[in-house]
Amino acid sequence: MNSKSRINFLKTTCLKIEEIPVWILLLIAGLLYSPLVFLGYGSDSDSYSVVRTGQYFVQTLDYLPSRLPGYFVHEVFVFFLNLIGGSIACNLGTLGMTLLMLGAFEDICTRLNVPSKNLLTLTLAIHPFVWANAAATIDYLWALGFAFFGISLLLRKRNLAAAITLGLAIGSRLSTVLLITFVFAYLLWKQKGNRKQLVLCGFFTALIAAILYLPALDFLEWDISRWLILSTGDPNLWTFSLRLGRFGYKNLMFWSLPAIIWMIVIVIFTFSHSRNHVKSWGDGVVGLSLLIILCYEILFYQAPIEMEYLLPTLPFVLIVFGKALRAQPEYLLIFFFLILIANFIWINPARSLTPNQTSEVVYGLWLEKGYLLKDISLRLSMLHP
């Protein structure tokens, strides 16, 4: 098979993927995630902190947030789900929210005229940091599920339902307020005849979100100066070079080294064919996406701790690539396979000499288990220590 035949084969495959009904995409994702439901609450210690918040409330009738600035919405849902069915029910709740996020993302791509929406949705579904967290008792995908469903409702002009859902998104995870604010600003620019309704929707979203943070502020006795304090440990581990190193390394590992190299290829291709691609960017969707990505990267630079903090950038990177590669979906298919491989195999370019307190690294190339396999191994070890 020559190169032209291979390209045609890839393009045909992409076209067939776009013909798949969205419910089948969600069914595939649900089947992939379902085995993780039975592996305990999750590998992140915050999962157990959320569960303990509910247990402490039952014992004392006093609210103790799992951590600041407060994750009240997720904590309330986990409280009831844990009563119903322990870790299995809690994980099924997260699985449902992940599927909600995927379905809403596909709908948003449709409404914003983003090409290759099914392929982008599948890529989002199998990204290692989505897959690993899709059936664990943690809030990342709850926040994104509410956020993207709310944005989908906004695009349908169902403003009251959108305000409630977007308020729940912010109440699940405060950093979600960034992407929601930018989406409101974008729609105010695009929907001139709908500005009054959007302003009212934004007001009620902010009001609902503010109410949802009252329990955390009450716990702090209304001392707002303590509310957004983030403890990062020893200041000697957060010099400019170490912070920058963590920021770069964790961005790299969030995508994987092969995927990052391919992303660079996509960027070079896009700029070398800019006249053909920029014509489709006049709707502002690419600009909106790039702005959201930039803001979350700046936020991550301030606290490059958990790689999951980068999850809000993922859907918007995919939207940019979908727009940029309108006529070359085969590039996206290759990207999909590179992301899929990262679940099982990682090429690690650096190793810490002092794990968890990294101040010195050694460079090389090591083949390691991908993030999904590592997470499963850790969850199994926690089930059977």
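I will start with the backbone and then move to the rings.

A word on the source: this is a predicted model, where local features need pLDDT of at least 70, side-chain atom pairs count only at pLDDT 80 or more, and totals for chains, interfaces and linings use all residues. Residues are numbered from 1 along each chain as its sequence is written, and side-chain values use heavy atoms, with hydrogens and water left out.

Backbone, then. The peptide bond from leucine 68 to proline 69 is cis, with omega near 10 degrees. Proline 69 sits in the loop between helix 3 (45-60) and helix 4 (72-111). Helices here are DSSP runs of H or I, at least four residues, numbered from the N terminus.

Now the loop between helix 4 and helix 5 (117-126), where asparagine 113 is found. Asparagine 113 is not a glycine, yet has a positive phi of about 60 degrees. Serine 116 lies in the loop between helix 4 and helix 5 too, and has a positive phi of about 55 degrees, again without being a glycine. Are these residues buried or exposed? Asparagine 113 is exposed, at 52% relative accessibility, while serine 116 is buried, at 12% relative accessible area. The cut-offs for relative accessible area are under 20% for buried, over 50% for exposed, and partly exposed in between, with a 1.4 Å probe and protein chains only.

On to the rings. How many aromatic pairs does a search of the whole structure find? There are 23. Rings of Phe, Tyr and Trp (its six-membered ring) pair if their centres lie within 6.5 Å; planes under 30 degrees apart are stacked, over 60 edge-to-face, and the rest tilted.

Take phenylalanine 77 and phenylalanine 146: their ring centres are 6.2 Å apart and their planes at 40 degrees, so this pair is tilted. Phenylalanine 77 is in helix 4 and phenylalanine 146 in helix 7 (residues 140-155), so the pair ties together parts 69 residues apart in sequence. Phenylalanine 77 is partly exposed at 35%, and phenylalanine 146 is buried at 8%.

Phenylalanine 105 and phenylalanine 148 make an edge-to-face pair, 6.3 Å centre to centre with 65 degrees between the planes.

Last, a cluster: ring pairs link Phe129, Phe254, Trp255, Phe321, Phe335, Trp346 and Tyr371.

Note on methods:
Helices (H or I, at least four residues) and strands (E, at least two) are DSSP runs, numbered from the N terminus.
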